[in-house]
Amino acid sequence: MSLTSDNHRAAASDSTPLDRFGRGLRDLRISLTDRCNFRCGYCMPRHLFGASHAFLPRRELLSFEEIERLAGLFARLGVRKLRLTGGEPLLRRDLPVLVKRLAGLPGIEDISLTTNGALLDTAYARALAGAGLRRITVSLDALDDDLFRQINDVGFPVATVLAAIDHAAQAGLTPVKVNVVLRKGVNESQILPLAEYFRGTGVVLRFIEYMDVGGAADWQRPAVVTADQIIERIGQRWPLEPLPASQPGETARRFRYADGQGEVGVIASVSQPFCGGCTRARLSAIGELYTCLFASRGMDLREPLRAGASDDALLALISGRWVSRDDRYSELRGRVRRGDDAQPVNMSYIGG
Ligand code: SAM
Ligand code: SF4
Ligand code: SF4
(Lines give C-alpha, C1' and ligand atoms only; values in the text may rest on other atoms or scores of the structure.)
(Ligands and ions follow the chains in the order given, each with its own letter.)
Protein backbone atom coordinates (compact mmCIF):
# COMPACT_ATOMS: atom_id res chain seq x y z
CA MET A 1 0.00 0.00 0.00
CA SER A 2 1.23 3.49 -0.70
CA LEU A 3 -0.13 4.90 2.56
CA THR A 4 0.43 3.39 5.94
CA SER A 5 -2.46 1.51 7.40
CA ASP A 6 -1.73 3.14 10.75
CA ASN A 7 -3.09 6.46 9.51
CA HIS A 8 -6.33 4.83 8.69
CA ARG A 9 -6.54 2.83 11.87
CA ALA A 10 -6.18 6.13 13.72
CA ALA A 11 -8.78 7.84 11.53
CA ALA A 12 -11.12 4.93 12.05
CA SER A 13 -10.87 4.90 15.81
CA ASP A 14 -14.59 4.77 16.62
CA SER A 15 -16.05 1.38 15.91
CA THR A 16 -15.89 0.68 12.22
CA PRO A 17 -14.87 -2.61 10.67
CA LEU A 18 -11.36 -2.53 9.24
CA ASP A 19 -10.58 -4.21 5.95
CA ARG A 20 -7.50 -6.32 5.32
CA PHE A 21 -5.37 -3.19 4.91
CA GLY A 22 -6.74 -1.50 8.03
CA ARG A 23 -9.06 0.87 6.13
CA GLY A 24 -12.28 1.83 7.90
CA LEU A 25 -15.70 2.23 6.31
CA ARG A 26 -16.36 5.97 6.17
CA ASP A 27 -18.03 6.94 2.91
CA LEU A 28 -20.93 5.51 0.98
CA ARG A 29 -21.77 6.38 -2.62
CA ILE A 30 -25.32 5.55 -3.47
CA SER A 31 -26.33 5.10 -7.09
CA LEU A 32 -29.97 6.15 -7.45
CA THR A 33 -30.53 5.06 -11.03
CA ASP A 34 -28.70 3.49 -13.95
CA ARG A 35 -30.37 5.94 -16.35
CA CYS A 36 -28.90 9.14 -17.69
CA ASN A 37 -29.93 11.93 -20.04
CA PHE A 38 -26.34 12.24 -21.39
CA ARG A 39 -24.27 9.74 -23.35
CA CYS A 40 -20.71 10.72 -22.43
CA GLY A 41 -18.48 8.49 -24.54
CA TYR A 42 -16.25 7.52 -21.59
CA CYS A 43 -19.17 6.38 -19.44
CA MET A 44 -22.35 5.50 -21.39
CA PRO A 45 -21.23 5.34 -25.02
CA ARG A 46 -24.05 5.15 -27.53
CA HIS A 47 -22.91 1.85 -28.97
CA LEU A 48 -23.51 0.26 -25.55
CA PHE A 49 -26.41 2.46 -24.35
CA GLY A 50 -28.45 2.94 -27.52
CA ALA A 51 -32.20 2.79 -28.04
CA SER A 52 -32.25 -0.98 -27.50
CA HIS A 53 -30.45 -0.88 -24.14
CA ALA A 54 -32.59 -2.34 -21.36
CA PHE A 55 -32.40 -0.11 -18.30
CA LEU A 56 -33.48 -1.47 -14.95
CA PRO A 57 -37.24 -1.61 -14.42
CA ARG A 58 -38.49 0.60 -11.61
CA ARG A 59 -39.34 -2.28 -9.25
CA GLU A 60 -35.71 -3.39 -9.33
CA LEU A 61 -34.48 -0.09 -7.89
CA LEU A 62 -34.20 0.30 -4.15
CA SER A 63 -37.10 2.36 -2.79
CA PHE A 64 -36.40 5.43 -0.65
CA GLU A 65 -37.34 3.39 2.45
CA GLU A 66 -34.84 0.69 1.49
CA ILE A 67 -32.08 3.22 0.79
CA GLU A 68 -32.74 4.92 4.11
CA ARG A 69 -32.63 1.66 6.02
CA LEU A 70 -29.38 0.52 4.40
CA ALA A 71 -27.73 3.94 4.75
CA GLY A 72 -28.68 3.90 8.45
CA LEU A 73 -26.98 0.55 8.86
CA PHE A 74 -23.87 1.79 7.07
CA ALA A 75 -23.87 4.80 9.42
CA ARG A 76 -23.93 2.40 12.38
CA LEU A 77 -20.80 0.80 10.92
CA GLY A 78 -18.93 4.11 10.71
CA VAL A 79 -20.06 5.79 7.50
CA ARG A 80 -20.18 9.56 8.00
CA LYS A 81 -20.48 10.84 4.45
CA LEU A 82 -23.01 9.98 1.79
CA ARG A 83 -22.75 10.89 -1.89
CA LEU A 84 -25.75 10.47 -4.17
CA THR A 85 -24.87 9.63 -7.73
CA GLY A 86 -25.80 7.41 -10.66
CA GLY A 87 -26.47 7.45 -13.61
CA GLU A 88 -28.01 10.85 -13.31
CA PRO A 89 -29.38 11.20 -9.77
CA LEU A 90 -31.58 14.19 -10.59
CA LEU A 91 -33.69 11.89 -12.76
CA ARG A 92 -34.94 10.19 -9.60
CA ARG A 93 -38.36 11.64 -8.77
CA ASP A 94 -38.87 13.36 -5.40
CA LEU A 95 -35.16 13.35 -4.64
CA PRO A 96 -35.47 16.00 -1.88
CA VAL A 97 -37.70 13.56 0.02
CA LEU A 98 -34.86 11.04 0.07
CA VAL A 99 -32.28 13.66 1.01
CA LYS A 100 -34.40 14.72 3.97
CA ARG A 101 -34.68 11.14 5.21
CA LEU A 102 -30.94 10.59 4.86
CA ALA A 103 -30.07 13.88 6.55
CA GLY A 104 -31.97 12.72 9.61
CA LEU A 105 -29.91 9.56 10.08
CA PRO A 106 -27.78 9.47 13.25
CA GLY A 107 -24.07 9.61 12.43
CA ILE A 108 -24.41 11.12 8.94
CA GLU A 109 -22.45 14.36 8.86
CA ASP A 110 -22.37 15.19 5.18
CA ILE A 111 -24.56 14.52 2.15
CA SER A 112 -23.40 15.50 -1.32
CA LEU A 113 -24.51 14.84 -4.87
CA THR A 114 -22.77 14.41 -8.20
CA THR A 115 -24.77 15.51 -11.23
CA ASN A 116 -24.41 16.56 -14.85
CA GLY A 117 -26.45 19.63 -13.90
CA ALA A 118 -28.86 19.39 -16.83
CA LEU A 119 -31.97 19.43 -14.62
CA LEU A 120 -30.70 21.65 -11.83
CA ASP A 121 -32.81 24.80 -11.93
CA THR A 122 -33.17 27.28 -9.07
CA ALA A 123 -36.15 25.55 -7.49
CA TYR A 124 -34.51 22.11 -7.56
CA ALA A 125 -31.27 23.45 -6.04
CA ARG A 126 -33.20 25.21 -3.28
CA ALA A 127 -35.34 22.16 -2.56
CA LEU A 128 -32.25 19.96 -2.24
CA ALA A 129 -30.48 22.43 0.03
CA GLY A 130 -33.63 22.81 2.13
CA ALA A 131 -33.84 19.04 2.51
CA GLY A 132 -30.32 18.86 3.94
CA LEU A 133 -28.01 18.40 0.97
CA ARG A 134 -24.71 20.07 1.89
CA ARG A 135 -22.65 20.16 -1.30
CA ILE A 136 -22.89 19.49 -4.99
CA THR A 137 -20.43 18.46 -7.67
CA VAL A 138 -21.32 19.27 -11.26
CA SER A 139 -19.56 17.45 -14.08
CA LEU A 140 -18.47 19.67 -16.97
CA ASP A 141 -15.83 18.59 -19.46
CA ALA A 142 -15.66 21.64 -21.73
CA LEU A 143 -16.48 25.32 -21.81
CA ASP A 144 -16.66 25.38 -25.58
CA ASP A 145 -20.30 24.79 -26.51
CA ASP A 146 -19.70 22.71 -29.66
CA LEU A 147 -17.22 20.49 -27.88
CA PHE A 148 -19.46 20.11 -24.83
CA ARG A 149 -22.39 19.08 -27.05
CA GLN A 150 -20.17 16.47 -28.72
CA ILE A 151 -18.91 15.10 -25.41
CA ASN A 152 -22.36 14.70 -23.84
CA ASP A 153 -23.50 13.30 -27.21
CA VAL A 154 -27.06 14.56 -26.82
CA GLY A 155 -26.33 18.10 -28.00
CA PHE A 156 -26.87 19.58 -24.54
CA PRO A 157 -25.78 23.25 -24.31
CA VAL A 158 -23.03 24.32 -21.93
CA ALA A 159 -24.90 27.48 -20.88
CA THR A 160 -27.51 25.44 -18.99
CA VAL A 161 -24.84 23.62 -16.99
CA LEU A 162 -23.06 26.88 -16.20
CA ALA A 163 -26.38 28.26 -14.98
CA ALA A 164 -26.87 25.12 -12.86
CA ILE A 165 -23.53 25.79 -11.15
CA ASP A 166 -24.76 29.30 -10.30
CA HIS A 167 -28.08 27.95 -8.99
CA ALA A 168 -26.21 25.51 -6.73
CA ALA A 169 -23.96 28.27 -5.36
CA GLN A 170 -26.92 30.59 -4.77
CA ALA A 171 -28.72 27.81 -2.91
CA GLY A 172 -25.71 27.53 -0.58
CA LEU A 173 -24.52 24.10 -1.80
CA THR A 174 -20.97 25.34 -1.42
CA PRO A 175 -18.22 25.07 -2.24
CA VAL A 176 -19.61 23.88 -5.57
CA LYS A 177 -17.13 21.55 -7.20
CA VAL A 178 -16.83 21.05 -10.93
CA ASN A 179 -15.45 17.71 -12.16
CA VAL A 180 -13.64 17.62 -15.49
CA VAL A 181 -12.59 14.32 -17.04
CA LEU A 182 -9.76 14.99 -19.46
CA ARG A 183 -8.96 12.85 -22.45
CA LYS A 184 -5.93 13.43 -24.60
CA GLY A 185 -6.86 14.80 -27.99
CA VAL A 186 -10.46 15.40 -26.92
CA ASN A 187 -10.65 18.20 -24.37
CA GLU A 188 -7.12 19.07 -23.23
CA SER A 189 -7.71 22.40 -24.95
CA GLN A 190 -10.25 23.19 -22.20
CA ILE A 191 -7.84 23.16 -19.23
CA LEU A 192 -6.96 26.85 -19.31
CA PRO A 193 -10.39 28.18 -20.39
CA LEU A 194 -12.06 26.25 -17.55
CA ALA A 195 -9.44 27.38 -15.03
CA GLU A 196 -9.84 30.97 -16.16
CA TYR A 197 -13.63 30.83 -16.01
CA PHE A 198 -13.79 29.49 -12.46
CA ARG A 199 -10.80 31.27 -10.89
CA GLY A 200 -11.96 33.74 -8.31
CA THR A 201 -15.57 32.50 -8.28
CA GLY A 202 -15.39 30.24 -5.21
CA VAL A 203 -16.14 27.21 -7.42
CA VAL A 204 -13.50 24.49 -7.02
CA LEU A 205 -12.41 22.95 -10.29
CA ARG A 206 -11.17 19.36 -10.14
CA PHE A 207 -9.57 17.60 -13.05
CA ILE A 208 -9.97 13.81 -13.02
CA GLU A 209 -7.67 11.43 -14.82
CA TYR A 210 -9.54 9.34 -17.37
CA MET A 211 -10.06 5.87 -15.85
CA ASP A 212 -10.54 2.41 -17.31
CA VAL A 213 -13.95 1.85 -15.74
CA GLY A 214 -16.61 -0.31 -17.35
CA GLY A 215 -18.08 2.22 -19.80
CA ALA A 216 -14.69 3.46 -20.96
CA ALA A 217 -14.44 0.75 -23.59
CA ASP A 218 -11.73 2.51 -25.61
CA TRP A 219 -9.55 3.43 -22.62
CA GLN A 220 -5.82 3.33 -23.23
CA ARG A 221 -3.15 4.68 -20.96
CA PRO A 222 -1.88 7.19 -23.56
CA ALA A 223 -5.36 8.79 -23.52
CA VAL A 224 -4.83 9.86 -19.90
CA VAL A 225 -3.78 13.45 -19.30
CA THR A 226 -1.89 13.09 -16.04
CA ALA A 227 -2.35 15.22 -12.95
CA ASP A 228 1.26 16.47 -13.23
CA GLN A 229 0.68 17.57 -16.81
CA ILE A 230 -2.48 19.41 -15.80
CA ILE A 231 -0.86 21.16 -12.84
CA GLU A 232 2.13 22.13 -14.96
CA ARG A 233 -0.11 23.59 -17.65
CA ILE A 234 -2.14 25.67 -15.19
CA GLY A 235 0.88 26.60 -13.08
CA GLN A 236 2.70 28.06 -16.10
CA ARG A 237 -0.17 30.49 -16.59
CA TRP A 238 -1.11 31.14 -12.94
CA PRO A 239 1.47 30.03 -10.33
CA LEU A 240 0.13 27.39 -7.92
CA GLU A 241 1.05 26.36 -4.38
CA PRO A 242 0.21 22.92 -2.94
CA LEU A 243 -2.34 22.77 -0.12
CA PRO A 244 -2.39 20.10 2.60
CA ALA A 245 -5.13 17.46 2.49
CA SER A 246 -8.17 18.78 4.31
CA GLN A 247 -9.24 15.34 5.53
CA PRO A 248 -7.94 11.76 5.72
CA GLY A 249 -8.55 9.71 2.60
CA GLU A 250 -8.99 12.80 0.41
CA THR A 251 -8.85 11.83 -3.25
CA ALA A 252 -7.89 15.22 -4.69
CA ARG A 253 -4.46 16.86 -4.58
CA ARG A 254 -5.25 20.48 -3.92
CA PHE A 255 -3.48 23.67 -5.00
CA ARG A 256 -4.15 27.35 -4.42
CA TYR A 257 -3.59 30.07 -6.94
CA ALA A 258 -0.65 32.12 -5.62
CA ASP A 259 -2.56 35.32 -6.47
CA GLY A 260 -5.35 34.37 -4.07
CA GLN A 261 -7.97 33.49 -6.69
CA GLY A 262 -9.08 30.25 -5.06
CA GLU A 263 -8.10 26.61 -5.48
CA VAL A 264 -7.96 23.87 -8.07
CA GLY A 265 -7.53 20.12 -7.62
CA VAL A 266 -6.47 17.04 -9.52
CA ILE A 267 -7.60 13.48 -8.93
CA ALA A 268 -4.68 11.33 -10.00
CA SER A 269 -6.46 7.99 -9.85
CA VAL A 270 -4.29 6.50 -12.60
CA SER A 271 -0.86 8.12 -12.24
CA GLN A 272 -0.78 8.34 -8.41
CA PRO A 273 -3.38 5.95 -7.02
CA PHE A 274 -4.71 6.48 -3.52
CA CYS A 275 -6.10 3.05 -2.60
CA GLY A 276 -4.27 3.20 0.74
CA GLY A 277 -6.72 5.84 1.93
CA CYS A 278 -9.84 4.44 0.27
CA THR A 279 -12.62 4.20 2.83
CA ARG A 280 -15.45 4.18 0.24
CA ALA A 281 -18.16 1.63 -0.33
CA ARG A 282 -20.70 1.82 -3.14
CA LEU A 283 -24.32 0.79 -3.20
CA SER A 284 -25.74 0.13 -6.66
CA ALA A 285 -29.24 1.20 -7.64
CA ILE A 286 -30.45 -2.36 -7.03
CA GLY A 287 -28.81 -2.68 -3.66
CA GLU A 288 -25.52 -4.42 -4.32
CA LEU A 289 -22.55 -3.54 -2.17
CA TYR A 290 -19.33 -2.90 -4.08
CA THR A 291 -16.09 -2.32 -2.23
CA CYS A 292 -14.17 -0.92 -5.21
CA LEU A 293 -15.01 1.15 -8.27
CA PHE A 294 -13.34 -1.50 -10.38
CA ALA A 295 -15.04 -4.51 -8.83
CA SER A 296 -16.72 -6.92 -11.20
CA ARG A 297 -19.16 -8.31 -8.63
CA GLY A 298 -21.17 -6.86 -5.79
CA MET A 299 -22.89 -8.43 -2.79
CA ASP A 300 -26.67 -8.44 -3.01
CA LEU A 301 -28.20 -6.69 -0.01
CA ARG A 302 -31.64 -6.21 -1.57
CA GLU A 303 -32.59 -9.87 -1.52
CA PRO A 304 -32.11 -10.31 2.25
CA LEU A 305 -33.60 -6.86 2.83
CA ARG A 306 -36.78 -7.75 0.94
CA ALA A 307 -36.86 -11.19 2.55
CA GLY A 308 -37.18 -9.54 5.97
CA ALA A 309 -33.62 -9.81 7.32
CA SER A 310 -33.08 -8.18 10.71
CA ASP A 311 -30.80 -5.19 11.19
CA ASP A 312 -28.27 -7.42 12.93
CA ALA A 313 -28.23 -9.87 10.05
CA LEU A 314 -27.70 -7.07 7.52
CA LEU A 315 -25.00 -5.46 9.67
CA ALA A 316 -23.20 -8.79 9.83
CA LEU A 317 -23.36 -9.17 6.05
CA ILE A 318 -22.00 -5.69 5.36
CA SER A 319 -19.34 -5.87 8.01
CA GLY A 320 -18.29 -9.37 6.95
CA ARG A 321 -17.84 -8.20 3.37
CA TRP A 322 -15.86 -5.15 4.47
CA VAL A 323 -13.41 -7.05 6.69
CA SER A 324 -12.56 -9.38 3.81
CA ARG A 325 -11.94 -6.43 1.46
CA ASP A 326 -8.52 -6.33 -0.16
CA ASP A 327 -9.28 -4.11 -3.16
CA ARG A 328 -6.57 -1.85 -4.50
CA TYR A 329 -7.16 -2.01 -8.21
CA SER A 330 -5.62 1.34 -9.11
CA GLU A 331 -2.37 0.47 -7.35
CA LEU A 332 -2.18 -2.82 -9.21
CA ARG A 333 -3.32 -1.45 -12.59
CA GLY A 334 -1.10 -2.78 -15.32
CA ARG A 335 0.56 -5.26 -12.96
CA VAL A 336 -2.32 -7.74 -12.97
CA ARG A 337 -4.34 -8.86 -15.95
CA ARG A 338 -8.08 -8.92 -15.60
CA GLY A 339 -9.68 -12.08 -16.85
CA ASP A 340 -12.40 -11.76 -19.50
CA ASP A 341 -15.00 -12.64 -16.89
CA ALA A 342 -13.75 -9.97 -14.53
CA GLN A 343 -14.63 -6.79 -16.37
CA PRO A 344 -15.56 -3.98 -13.98
CA VAL A 345 -19.21 -2.99 -13.98
CA ASN A 346 -20.19 0.25 -15.61
CA MET A 347 -19.63 3.43 -13.63
CA SER A 348 -23.15 4.69 -14.37
CA TYR A 349 -24.45 1.50 -12.73
CA ILE A 350 -22.19 1.22 -9.70
CA GLY A 351 -22.20 4.96 -9.00
CA GLY A 352 -19.33 7.21 -10.03
N1 SAM B 1 -24.27 11.72 -14.03
C2 SAM B 1 -23.58 12.32 -12.96
C3 SAM B 1 -22.40 13.13 -13.44
O4 SAM B 1 -21.99 12.96 -14.60
O5 SAM B 1 -21.90 13.90 -12.65
C6 SAM B 1 -23.15 11.36 -11.87
C7 SAM B 1 -22.62 10.03 -12.28
S8 SAM B 1 -21.07 10.08 -13.17
C9 SAM B 1 -20.77 8.35 -13.44
C10 SAM B 1 -19.97 10.53 -11.85
C11 SAM B 1 -18.62 11.06 -12.28
O12 SAM B 1 -17.90 10.01 -12.88
C13 SAM B 1 -18.65 12.19 -13.31
O14 SAM B 1 -17.93 13.30 -12.82
C15 SAM B 1 -17.98 11.59 -14.50
O16 SAM B 1 -17.29 12.55 -15.24
C17 SAM B 1 -17.07 10.57 -13.89
N18 SAM B 1 -16.66 9.52 -14.82
C19 SAM B 1 -17.45 8.72 -15.57
N20 SAM B 1 -16.70 7.88 -16.33
C21 SAM B 1 -15.40 8.17 -16.05
C22 SAM B 1 -14.15 7.66 -16.52
N23 SAM B 1 -14.07 6.71 -17.43
N24 SAM B 1 -13.02 8.19 -15.99
C25 SAM B 1 -13.08 9.17 -15.06
N26 SAM B 1 -14.22 9.68 -14.57
C27 SAM B 1 -15.37 9.20 -15.08
FE1 SF4 C 1 -24.35 10.35 -17.56
FE2 SF4 C 1 -22.66 11.19 -15.76
FE3 SF4 C 1 -22.08 9.03 -17.20
FE4 SF4 C 1 -22.08 11.39 -18.41
S5 SF4 C 1 -20.72 10.74 -16.75
S6 SF4 C 1 -23.07 9.52 -19.17
S7 SF4 C 1 -23.65 12.46 -17.31
S8 SF4 C 1 -23.71 9.19 -15.74
FE1 SF4 D 1 -10.68 2.59 -3.81
FE2 SF4 D 1 -10.75 0.66 -5.65
FE3 SF4 D 1 -10.34 3.23 -6.38
FE4 SF4 D 1 -8.42 1.87 -5.09
S5 SF4 D 1 -9.19 1.42 -7.11
S6 SF4 D 1 -9.11 3.98 -4.66
S7 SF4 D 1 -9.66 0.56 -3.70
S8 SF4 D 1 -12.20 2.38 -5.43
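This is a predicted model: local features need pLDDT of at least 70, side-chain atom pairs count only at pLDDT 80 or more; totals for chains, interfaces and linings use all residues.
Local features need pLDDT of at least 70 and side-chain atom pairs count only at pLDDT 80 or more, while totals for chains, interfaces and linings use all residues; side-chain values use heavy atoms, with hydrogens and water left out. Residues are numbered from 1 along each chain as its sequence is written, and chains are lettered from A and ligands numbered from 1 in the order in which they are written.

**Overall fold**

The protein chain has 12 helices and 12 strands. Helices (H or I, at least four residues) and strands (E, at least two) are DSSP runs, numbered from the N terminus. The C-alpha trace spans about 55 × 45 × 40 Å along its principal axes. A compact globule of 352 residues would have a radius of gyration near 20 Å, and the 19 Å of the protein chain agrees with this. That radius is taken over C-alpha atoms, and the globule rule is 2.2 Å times the number of residues to the power 0.38.

Of the 352 residues, 55% are buried, meaning under 20% relative accessible area with a 1.4 Å probe, protein chains only. Among contacts (heavy atoms within 4.5 Å) with a separation of 6 or more, 72% join residues 24 or more positions apart.

**Core**

The largest nonpolar core has 115 residues, and Leu-95, Leu-140, Phe-207 and Ile-234 have the most contacts inside it. Such a core is a set of buried Ala, Val, Leu, Ile, Met, Phe, Trp, Tyr and Cys residues joined through side-chain atoms within 4.5 Å. Helix H2 (residues 64–76) gives the largest share of this core, seven residues. Leaving aside neighbours within four places in sequence, the contacts of Phe-207 include Val-180, Leu-182, Ile-234 and Val-264.

**Ligand shells**

Ligand 2 is surrounded by Cys-36, Phe-38, Cys-40, Cys-43, Met-44, Gly-87 and Asn-116. A shell residue has a heavy atom within 4 Å of the molecule. Around ligand 3 there are 13 residues, the closest being Cys-275, Cys-278, Cys-292, Leu-293 and Ser-330. Strand E10 (280–283) and helix H11 (329–332) each supply at least two residues of the ligand 3 shell.

In the table, Ala, Val, Leu, Ile, Met, Phe, Trp, Tyr, Cys and Pro count as nonpolar, Asp, Glu, Lys and Arg as charged, and the others, Gly among them, as polar.

| Shell | Nonpolar | Polar | Charged |
|---|---|---|---|
| Ligand 2 | five residues | two residues | no residues |

**Thr-279**

Thr-279 is found in the loop between strand E9 (263–267) and E10. Thr-279 is buried, with a relative accessible area of 10%.

Terms used: Buried means under 20% relative accessible area, exposed over 50%, partly exposed in between (1.4 Å probe, protein chains only).
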